[in-house]
Amino acid sequence: MHHEHHYEVRVRWTGNRGTGTSGYREYGRQNVVTAEGKHDIDGSADRTFHGDRDRWNPEELLLTALSQCHMLSYLHVAVNRGIVVTDYQDDAVGTMTSNPDGSGQFSSVTLRPRVTIADESQLAEATDAHHEANRLCFIANSVNFPVKHEPTIIASS
């Protein structure tokens, strides 16, 4: 049985410098992302696209969504397989290609999770769990580019 889940966010442009979009360099790319009951996220374009480097850009947020979704899926799989995870950190990287017409797309993302588990005898199982986590990840299933994984698993014992 399929279940639908609905999400709502509001993105509000805050970069009007008084003349709106009267020219390409005349407006700011600042925006605020809000959702009911959540902290605001200050957004902008990437600095390359005349944005504010101190704010999150959509490309970083996409990479964040992929990394976070994989982590949450992995932790779920770990519980189901009896793997005790004691630490998880991902240094994710993504590549976006810009086209001459101004469009662009991500060509790949590589997640590099460093996972610490409690039982050294489960190192192989913990590594394999990344395949199942990738299959379950809602966000990875929604993108049209490869999401690669380069996990490192260590045991705390």
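**Salt bridges and a surface patch**

The model described here is predicted.

Arginine 81 takes part in a salt bridge with aspartate 128, with N and O 2.9 Å apart. This pair joins distant parts of the chain, since arginine 81 belongs to helix H1 and aspartate 128 to helix H2, 47 residues apart. Aspartate 128 is partly exposed, at 35% relative accessibility.

The side chain of arginine 81 also meets that of glutamate 125 in a salt bridge, at 3.1 Å from N to O. Helix H1 spans residues 58–81 and holds arginine 81, while helix H2 spans residues 123–136 and holds glutamate 125, so this pair ties together parts that are 44 residues apart in sequence. Glutamate 125 has a relative accessibility of 35% and counts as partly exposed. A network of salt bridges links Arg81, Glu125, Asp128 and Glu132.

In total, the structure holds five salt bridges. Among them is the one between aspartate 52 and arginine 55, whose closest N and O atoms are 3.9 Å apart. Aspartate 52 is partly exposed, with a relative accessibility of 23%.

The surface also carries a nonpolar patch. Ile41, Trp56 and Leu61 form this patch, and together they have about 260 Å² of accessible area. Isoleucine 41 lies in strand S3, which covers residues 41–43. Its relative accessible area is 33%, so isoleucine 41 is partly exposed.

Definitions and conventions. Residues numbered from 1 in each chain as written. Predicted model: local features only at pLDDT ≥ 70, side-chain atom pairs only at ≥ 80, totals over all residues. Heavy atoms only, no water. Patch = residues over 30% accessible without salt bridge, like charges linked within 9 Å, V, L, I, M, F, W, Y side chains within 5 Å. Areas by Shrake-Rupley, 256 points an atom, 1.4 Å probe, with all protein chains shown as cover. Salt bridge = Lys/Arg side-chain N within 4 Å of Asp/Glu carboxyl O. Helix = DSSP H or I, 4+ residues; strand = E, 2+ residues; numbered from the N terminus. Buried < 20%, exposed > 50% of the residue type's maximum accessible area, 1.4 Å probe, protein only.
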